[in-house]
Each structure stands twice: as C-alpha cells, then as structure tokens.
Amino acid sequence: MSRSEAGADPRQAWQQAYDKGEKRDVEFTTLSGAPLAPLYGPEDAPFDAERDLGLPGQYPYTRGVHPTMYRGRLWTMRQFAGFGSARQTNERFKYLLKHGQTGLSTAFDFPTLMGYDSDSPRAKGEVGQVGVAISSLRDMRALFDGIPMGEVSTSMTINGPAPIMLGFYIACGEAQGVSKAKLSGTIQNDILKEYQAQHAWLVPAEPALRMIVDVMDYCSREVPKFNTISISGYHIREAGSTAAQELAFTLANGMEYVRRGVERGLDVDAFAPRLSFFFDSHLDFFEEIAKFRAARRIWARHMKEKVGAKDPRSWMLRFHTQTAGVSLTAQQPENNIVRTAFEAMAAVLGGTQSLHTNSMDETLSLPTEKAVKIALRTQQIISEETEVAHVADPLGGSWYVEALTNRLEEEAGRYFAEIERRGGVVPATEQGWIQREIHRSAYAYQRALEQGRKKMVGVNCYNEEEGKVPAIELHRIDPSVEKEQVEGLRQLRAKRDAAKAKGALDDVRDAAKGSDNLLQRFVAAAHADCTIGEIADVLRECFGEYKEPRIL
Amino acid sequence: MRDGSAARYNARTVEGTSKSPQPSLSERFARGDKGALARAISWAENNDPRFPALFAELWPKVGRARRIGVTGPPGAGKSTLVNELARATRAQGRTVGILAVDPSSPFTGGALLGDRIRMEERTADSGVYIRSMASRKSHGGLSRAAVDACDAIDAFGIDDVVLETVGVGQAEYDVVSAADTVLVVLCPGAGDGIQAMKAGILEVADVLVVNKAELPGADRLVVDLSEAAHIRTAGRGRWTPPVVAASAGRGEGIEDVLAAIEAHRAHLGDAGLAAARREKRVAQVRRVFDERLSELLWDRGGWTGRARGLLDGGASTYDVVARLVAGMAAQLQEQASGATPGRGSTT
Amino acid sequence: MSERKIRVLVAKPGLDGHDRGAKTVATVLRDHGMEVVYTGLHQTPEMIAEAAMQEDVDVVGLSILSGAHMELFPRVREELVKRGKGDVLLVGGGIIPYDDMEKLEQGGYARLFGPGTRTDDIAEYIKAEMGRRFAQEPA
C-alpha cells in the first residue's frame, strides 16, 4: 500500500477530503477537554469483544450487570427529596410514591449532614433549607409515618454522621415492627469523597473509615439487604472534575473501602456485593456512556483479579445516576428540562440501575412540585415512549464509544498510579492533591466558558436581555420549621429518660475508645432518644474534627 | 444588571462620608484595637507615607516580643506547625501574632493567601492575631515590610511573633532572618534533605524541625541533618542547630520544638540576643535606606528617562551608571543644603 | 509612593460545603492582581468578620449555596460593623433567588452576583468600585 495509491484507500481519501473541507471555529473536544478525532474506525478502538466487553450479566460487565437489562426490570426512578420538617418531607414522599416513583431518596439539611442538632448555634438559618432536618429518632419516625419501611427501598444521602443516621433508620424500622433483615435501601456513607469534594464531614479519615467498616460488618450480618456505601463520583464531578477524574477518584475510593474491609478480616464476598456506586451524568452524551461502561470494567477486573473476590456479585458495579446539577442554568430555566433529558438518556444507555433527574429550577432554589413532576415524567418518557430500553448496551461496538471507553480506562489507570505514588487515597486527599486536581479542572472549564471556547445556551450564547427575571414559581422554606424543630428538641430532652440517654452516650464513648462495633451502639442510642448532635459530639470528643488542607 | 439597586447599595457604603471626629490610628493602636494593628501593617506593606510617623510613636514599645521565624519547602507542614506552636504558647498564657508570607504571582501581581485555613481554631482566640502577607515584587521590600509588620505586632504588646515564609530561596531566608530564632521545617519525601542542604538551609537554621515524623524516612532525615549540622559547626564555638522530630498534624513534638527555641535563646544570652538584634536592625535600616534612596533619587529624579537618553546616545551600562551617580551626588548635596524632601507630598 | 493592592477575603459561611465557586472566584481575583485571603469552609459570621479585620481587607466575598443567605449576609455585615469594618465592600453569590438578591442589595447588605455571572465581570466590578473608593480616601 504505497502512498501513490492513496486514491484507492477510501479512508485516506476521506482524510484528504476532510483536511480540505471547511471547519467551524470551535474546539473539537469532549466536555472534559480531551481532543476528538473527526471520525472513529476499527483502528481507533481495539477491543477483544470476549475479554473487554463480555455480555450483559457476564464478566467484565462492560455491557451491563444483568442478562436481561431493562427487559427484566426498568431502572428505579428515584427522585431525591427532602426539605423543611420531617412531616413536610413525608408528604412529598407520599406524593412521589403516588405519582409512580419506585424508591425514596432522602436529602438532609446541612446541620444534620454535619452532625449538629437543629437547635445548635451552628445551625441557625440552615434548618430544613436544603433537605430535611433529622435530629432524633422522633424526627425519623415522622419522616416514615404511614410509609411501610419493609416495602420501600430508601436511599439516604449522608456521610459524616451516616452511621448515626443508619442507627436511627434501623431503630425506626424496629419501632414500626419491621425487622432489620427486611430493610432495604442505600446509605451514601462515602466519607472519602466528602474530604475531596462535598465537604460535609465529621471526624478525621482514620476513625471515619473505621466506622464505615463497622457499618459494612454489622450490615453484612444484620441488615443484609442494605447497600452500605454508595461510592460517589457525583460530587467530585459537580465540584468540577473531568469525567476521567470522576471515574478514577471514585473507583480509587471504592478500592480503599474494600481494602479496609479486608484488613479488618471481613470476607470480601460478604460485604462487596453491598457496595454500590453513584455517578453524574453530564452533557457529553458519548463520554458519559463510555464512563459508565469503563467503570464497570475497571471495577470487575480489580475485584476479581486484584482483590480475589469469588462471588460474581462482588465484581458487579451497580450504580445510581443523577443528571448534572452544574449543567443547569438560571437563565432561561425551561431549557434545563432539555439538558436533563439528554443526560438521563445517557445514563439509561450507559446501563444505570437507578436515576434521579434534576428539576429545571434547582439553580435558584429547591424544586417546586411541578418541576419535580416534569423531571420524573422525563424518565417516564424515556422508558415508555423512546423504545431505547429494549436492547442492552445499544452502543457497544461503536468505534467511537469503545475508543472513549478505552481512553477513560487508561486515564483512570494513570490516576491510580499517581495515587499509589502518593501513598494511597487517604494521604493523597490529606495532602490536598485530589482537591487541587479537581480545582484545576473546574478553573480550566470556567475559563473556557468565559472565553467562549465552551458554550452554554442562555449564558454565553443565545442570551436574552439581561435583567429579565425568570417568571418561575419558587419553592421556599417556611422559617417556622426551625422554630418547630427547636421546640421539638426541647420537648424530647425534657421527656426522655435522662439516665438512659446518658448511659447510651457513655456506651458510644466506650466503643469509640475501644473497638466494639459503633453502629450497634448508635441503634441503642437512637432508641434512648439521644440526638444526632449529642452522639456526634461524643465522636468529635474522642476522635477530633477533620481539618481541611490548604488547596489554594 | 439591576443597576438601580447596586447604586443604592453603593451610596450607603461609601467610605469617608461621616464627618464625626474619629480617634487617630495611634490612639486606637494604643487602646489595643486589632483593627488598628491591621491597618498599621497595611501602611507598612503599601509603603504608605503615613507609616514613618506612626512608627515613631510605636518605636519605644518595640523589642519586647520573642521573634520566631519558620521557613521550609511547600508541603512540609509549616502552617500546621505554626498553629500548634501557637496553641502551645497560648496554653502558657502568652499572646501570639502570626505573620504568614505567601508568594505573589510574578505575572499578575496577585496572590492567594491560604494559610489561615490551617489556623482556623486560632481565629476565635482573642490572644492571637494572624496576618497574611503577599511577597509582592521585590524581596528587599518584602523583608522591610515584614520586619515593620513584626515591629508593629511587637509594639502592640503581643508576646510571641511568628513569621512564616514558604520556600527555600534566598528571599525567604532574608525575610525569616529577621527573627531571633529561625526554624527550618522539612519532612521526609517532599523536602529532600540533601536538596535542602544544597539550597543552604543550614546557613539560616537555628533549629531544624523534621515534621511528619510518623512517615517513613523521617529517622534517616534526622540522622542526615544532625550529621551535616554537626560537621559544619563542631569545634568552631558556634551554635549547632538541634534537629527536632515533630508530628504537628498529631500535635506531637511541639514541646520539643519550644524547648529547642528556648535553648537557642539561652545560648545567645541577653547580651548575644541584643547584639544580634542590633545587627538585624542595621540590616533593616539599610533596607529602608535603599528604598528611600531609590525613591528620592531614582524615582523622583526621573532617572529612568535619563538612562534611556544616555543609552540612546550610545553610552554603556557602566558609563550610564557613572554619569547617574555623579548627577545624584550633586542632587543630594543640593537637598542637604536646602529643601527637605517632605515625603508624602506626592502620592 | 504608595503601593496599594486590593485585598479580598473569600469565605464560605455556614455549613454548606460547595466551594467550587468560591475557589474559582478566588483564583480569578488573584489573576486580576488582587491579594486574596481564602479562609475555607464552615465559617461563622464572627470568624469571617474577625479575619477581615485582622487582614485589613477592602472586600469580603461570600459564597452561599445553603439557602441561609437571608440570615448570613446581614449577620456578617453586623459583625463587620462591630469590628469597625463597616466600610468593607461585601459581595456575594451562590444559589439565591432573584428577589432575595434584590432585598439584600436594597438593604445595603451586599452586592450580589447570580449564577452564570462571568467571573471576570466580578473582578472588573471590584476593581472599578475599589478604584473609586481609593481615589476618595484622604491622602
């Protein structure tokens, strides 16, 4: 094949025609900034179908974790909800269940996420603002009032005090007469990404990791249907990372949790099947699909080949997806419905197990009921009208998608090596290196946006006249929520058996200083009406507080 | 863009609209108002024409504080160590002032000053004052401003002044050398011992701190540094910098660091300390002198333009300087015999 | 000859941990030649005002995504006034409904920048405003 025969080679002929052709003056890169070829062919995407892709439900699960995929069961439509008081969120839960939602997902307010009671001075102005305030078992019981806990699966997005909250949940189930073995759901409980991106933490890494292993241990014995960690890339991505960074840091965190469990002497096949993942679905359709596929492949290979897990369920990466909050704009907010639809479609084509679609008004405040309903309807339109859910991994074998999948896997591999060089994920986080990597990407994207190299409709192109306030209705939190919560806590403290509460806190302290399983003590403390702030204070006293490293 | 409301907002917050008599900065300073101390440091930093007069009032109170310099490569854990030293000295009932110097960007002149993040617990303590300072452009100017800032903190009545700089270069050493005792902080891995020695840390260190002593390689670093320090100083009647292992992140070894500082001060003795301080003051006089001279002669004399002209006329560098120096000498004589320069009249 | 630089304190008040915006803005202001003190997360109004006073900053920038803006901006301003720093230029951003922004601006609490604002516009605003104020100060 000499050059003189170029005319005979269609690929070269195309290349010449391409080189001569006019091109628009934009950057042809992925959303993460990786350069893209104008066309992908077999030479760009070398893969061995059997070794690298497998089949749905087969190792290495690149094409999905179930043999039937969505023909067997659709993804769970799980809208994150929570605001104000437990009673108000309970109403929203019932509304969502009535409209066809199939699982519950709880957002907590910042005081709860940081382990403070609603009446703490640190909580002022923030009670019930971005999620529900849960300070005690009493609040938890109000949250699930009239909802059969043995029948719905519940996801709880909380990390620093996650083991305490799980204690409330288990105690609440017991109060409803539901045995621990019947409780199903997911607790986020992913502290590493909190240090790296989301920043709602309680104690330093070592004691926090010990509590996470306590949860894995306890649940593998007592609450077998509960997913004990939702290893989350979502917040890493929302903090500004690229797709490759989201993939790499999330999986590195997951590998660390597994290592800690194994170090404790737990059987990996007893706890690993209960680890799940949580990713972002951003606007770069193909890059996102490739990310989900690469994630499954990397995890399966790690768990089987490096960790030596035997149970295929330990190899499977199951994940929840949320559409990208950062892709939404305050300008022309209705456009957000369209963005969210594309992102949701990518999650479905990427084989997600559950999905949250964002509401159009979330850059301005908590979503209104109408906006939430449209977001849920978006998922229903995908599942019922588009016919995309009938075929597993429909983009498998696409040269472009396979090339992206390979590239993301390689990029992640380079990050794993650097993390290793830094002594592991905990030192890399304590040094602030991971946070700086994320900040650099966020900053680069912001500059690209401001210089017009990347576009956002309504922000740096197709803008409408400035100063036009979007005429959408906003959801506001009634300030009386804080008062109600404070009063509720006062009553709780007055009415509870003080000696019993103190005893339960002493037991928590003993376990914290020793090595007994803390989750067991948290369940007992919940029954004794101890509050989240009181329990967290004991942990802060025993372990100290986490201090953020310098990033800038 | 909501111009109307922005204008209303601005109108309410413009400075200097109130005409009521306010206490002077030196009055507020004397009353113990930290805001006045902060403003005094800004004046020093900005080379504000009001600073020399204020400084004259502070001068009698300068010289009581213990001054500790802390330097070392990035990532050695200096801020964490400073935070722990402050915690420990506060526990002894002493007040602490911290001056944290970070580099300015040579391209934009801006700076990110992030050291407070590691000292957050100290912010709420009324016995602690923390100030971040950017290195700005010239290292001579930085050292001058940093010493002025230390003097101001000292005159404010604070017991311990901790001066922290990031880096391993001459500029950073020049800054910290204004302290009575200089700590050089290293850690295994990041601040490789041999590299640091090449960069001359042993010249400036009175105490060597091996931080993050829990990491592998710390023991080796302690041994290497001790040997190097010993070889350099043994038998010459000089102070041998002790090497102290610490783990600031865990609050370990802090007492040992404080003990080493005290040992160094004891070694100096009152007379030695006074002599060292006098030499350091001479260095500061020299810095101010250089700045004044440059400002009086070069800036105000319009010498940049003259240099251009001479160069255009074909003169070499040294020819230009010889002609300029002669011209400056004439200008100085003229000024000495008549008009006082009166700084501040032109800003 | 005065060598004044604009000094800015960037802080995250309250308990929300979303610091992407705050860190990006801090970096942009640095690139515009300002000296930016970054105090990090979970700051109380007292801590912010105390740092602003000790650092003698000209500008305080707050980023709030927790919904607590109506509580936090007035409290930070109050704490600044208590420490003799009532003249600081207070700016802010985050997830804040437009009519709350109007209320806070009209109340004289802060100048606010909504989602999607170009960070360069924030820097230019600060430079213009501080340029005006520096020029008005007594020599």
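Helices (H or I, at least four residues) and strands (E, at least two) are DSSP runs, numbered from the N terminus. On that basis chain A has 22 helices and ten strands. This is a predicted model, in which local features need pLDDT of at least 70, side-chain atom pairs count only at pLDDT 80 or more, and totals for chains, interfaces and linings use all residues. Residues are numbered from 1 along each chain as its sequence is written, and chains are lettered from A and ligands numbered from 1 in the order in which they are written.

**Chain A**

The radius of gyration is taken over C-alpha atoms, and the globule rule is 2.2 Å times the number of residues to the power 0.38. For 552 residues the rule puts a compact globule near 24 Å, and chain A agrees, because its own value is 24 Å. A residue is buried if 20 or more other C-beta atoms lie within 10 Å of its own, exposed if 12 or fewer, and partly exposed in between, with C-beta atoms placed from the backbone. Two residues are in contact if their C-beta atoms, placed from the backbone, lie within 7 Å.

| Property of chain A | Value |
|---|---|
| Box filled by C-alpha atoms, along the principal axes | roughly 95 × 60 × 50 Å |
| Residues that count as buried, of 552 residues | 53% |
| Contacts joining residues at least 24 apart, among those between residues at least 6 apart in sequence | 75% |

Two strands pair if DSSP finds at least two bridges between them. Chain A holds an open sheet of five strands in the order S1-S10-S9-S8-S7, with parallel pairing. Strand S1 (76-77) and strand S7 (229-232) of chain A are at the edges with a single partner strand each, so one side of each has no neighbour in the sheet. S7(A) runs parallel to strand S8 (residues 275-281) of chain A, joined by four bridges. Within this pair, A:Ile229 has A:Leu275 in S8(A) as its bridge partner.

**Chains B and C**

Between these chains, 40 residues of chain B are in contact with 39 residues of chain C. Elements of chain B that each supply at least two residues to this side include helix H3 (34-45), strand S3 (111-113) and helix H12 (254-301). The residues of chain B on this side comprise 13 nonpolar, 15 polar and twelve charged; Ala, Val, Leu, Ile, Met, Phe, Trp, Tyr, Cys and Pro count as nonpolar, Asp, Glu, Lys and Arg as charged, and the others, Gly among them, as polar. S3(B) runs parallel to strand S2 (residues 35-43) of chain C, with three bridges joining them. Opposite B:Ala111 stands C:Glu35 in S2(C).
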